[in-house]
Amino acid sequence: MHLYLPISAFALAASISSGPVNIVSLSAGATHGLRATMRHVSGATFGFTLLLLFIGLGLNELLLVFPNFTVWLQWAGVVFLVYLAWQLLCDSGQLGDAEQMRRPSFVSGALMQWLNPKAWLASVPGMGAYASDGSLSLVVQFALIYFVVCYFSLAVWAYVGAYLARHVRNPIYLRWLNRTLAVLLLVSAGFLMLENF
């Protein structure tokens with residue numbers, strides 16, 4: 001128990017704080033509702049947990065051998081954040097059947113985590129701090145705790161988005177919400193670009 005509480009606190013701080021996947025969860029919740037957004041939440045949680053397990057089982061050692069992969073991953077993350085921002089900027093704010101084609105999916109949520117710089121920044125130091133001995137049991141325990149906390153955190157963001165949509169049904173307001181979220185994603189991409197120079 002003395003280890004579970006710090007792991008849970010770390011996972012909560014990293015998962016519930018603002019980041020690209022959280023912003024997309026909020027936007028999807030506002031646009032598509034909570035039930036449809038839970039596919040994205042589930043996919044993002046599974047994707048992150050898989051990334052966490054791979055890091056714990058030695059992927060970070062591979063990254064040390066191939067440092068250019070990390071740079072490539074950062075640039076892919078920048079491109080992905082700009083793409084997400086563009087999608088939010090172009091969103092009409094209309095609720096209903098017109099948005100059916102772009103509903104969040106399990107697969108896109110999972111893939112998003114592998115291109116999410118915040119996910120990499122949370123998983124590498126997290127595993128280093130709490131499962132650095134490489135014990136399979138500790139890596140799995142850490143991943144399971146993180147799974148529960150991450151799922152809860154992303155669901156909260158999706159719920160807030162759905163709550164906002166219930167009270168702000170005007171497409172103009174939803175458009176402004178999405179544009180604000182797009183700017184936040186572009187700021188995140190900008191910070192990543194600055195790190196690469």
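Visitor: Which residues are buried in helix α5 (residues 106-114)?

Guide: In this predicted model, the buried residues of α5 are Gly109, Ala110, Met112 and Gln113.

Visitor: What makes these buried residues line one face of the helix?

Guide: Looking down the axis of α5, the buried residues fall within an arc of 155°, so they line one face of the helix. The face turned away from that buried side carries Val107 and Leu111, which are exposed. To be called exposed, a residue needs over 50% relative accessible area.

Visitor: Why does Ala44 count as buried?

Guide: Buried means under 20% relative accessible area. Ala44 has a relative accessibility of 0%, so it counts as buried. Ala44 sits in helix α3.

Visitor: Which residues does Ala44 touch, not counting residues up to four places away in sequence?

Guide: Ala44 touches Val21, Gly109, Ala110, Gln113 and Leu154. Among these, Gly109, Ala110 and Gln113 belong to the buried residues of α5.

Visitor: Why does Thr49 count as buried?

Guide: Its relative accessibility is 10%, and the cut-off is under 20%, so Thr49 counts as buried. Thr49 is in helix α3 (residues 34-65).

Visitor: Which polar neighbour does the side chain of Thr49 have, and how far away is it?

Guide: A polar atom of the Thr49 side chain lies 2.8 Å from the backbone oxygen of Thr45. Leaving aside neighbours within four places in sequence, Thr49 is in contact with Ala143 and Phe147. The C-alpha atoms of Thr49 and Ser123 are 9.0 Å apart, and the two residues are 74 residues apart along the chain.

Visitor: Why does Ser25 count as buried?

Guide: The value for Ser25 is 0% relative accessibility; buried means under 20%, so Ser25 counts as buried. Its place is in helix α2 (residues 20-32).

Visitor: What makes the pair Ser25 and His40 a polar contact?

Guide: A polar contact needs a pair of N or O atoms within 3.5 Å, one able to donate a hydrogen and the other to accept it. The side chains of Ser25 and His40 are joined by such a contact of 3.1 Å. With neighbours within four places in sequence left aside, Ser25 is in contact with Thr37, His40, Val41, Leu154, Trp157 and Ala158.

Visitor: Why do Asn178 and Leu181 count as buried?

Guide: Both values are set against the cut-off of under 20%. Asn178 has 1% relative accessibility, so it counts as buried. Leu181 has 4%, so it also counts as buried. Asn178 is in helix α8, and Leu181 is found in helix α8 (residues 171-196).

Visitor: Why is Val160 called partly exposed?

Guide: Buried stops at 20% and exposed starts over 50%, with partly exposed in between. Val160 has a relative accessible area of 36%, so Val160 is partly exposed. Val160 lies in helix α7.

Visitor: Which residues form the nonpolar patch on the surface?

Guide: The patch consists of Leu34, Tyr159, Val160, Tyr163 and Leu164, and together they have about 400 Å² of accessible area. Helix α7 (residues 136-167) gives the most to the patch, with four residues.

Visitor: How many helices and strands does the protein have?

Guide: There are eight helices and zero strands. Along the sequence, the pattern reads α-α-α-α-α-α-α-α.

Visitor: What part of the protein counts as buried?

Guide: Of its 197 residues, 45% count as buried. The protein exposes about 10300 Å², with carbon and sulfur atoms supplying 73% of that area.

Visitor: Among contacts between residues at least 6 apart in sequence, how many join residues at least 24 apart?

Guide: The share is 87%.

Note on methods. Residues are numbered from 1 along each chain as its sequence is written. This is a predicted model: local features need pLDDT of at least 70, side-chain atom pairs count only at pLDDT 80 or more; totals for chains, interfaces and linings use all residues. Side-chain values use heavy atoms; hydrogens and water are left out. Helices (H or I, at least four residues) and strands (E, at least two) are DSSP runs, numbered from the N terminus. Buried means under 20% relative accessible area, exposed over 50%, partly exposed in between (1.4 Å probe, protein chains only). Contact means heavy atoms within 4.5 Å. Patches are made of residues with over 30% relative accessible area and no salt bridge: like charges are joined within 9 Å, nonpolar side chains (Val, Leu, Ile, Met, Phe, Trp, Tyr) within 5 Å. Accessible areas come from the Shrake-Rupley method with a 1.4 Å probe; for residues, only the protein chains shown count as cover. A salt bridge is a side-chain nitrogen of Lys or Arg within 4 Å of a carboxyl oxygen of Asp or Glu. The arc is that of the directions from the helix axis to the C-beta atoms.
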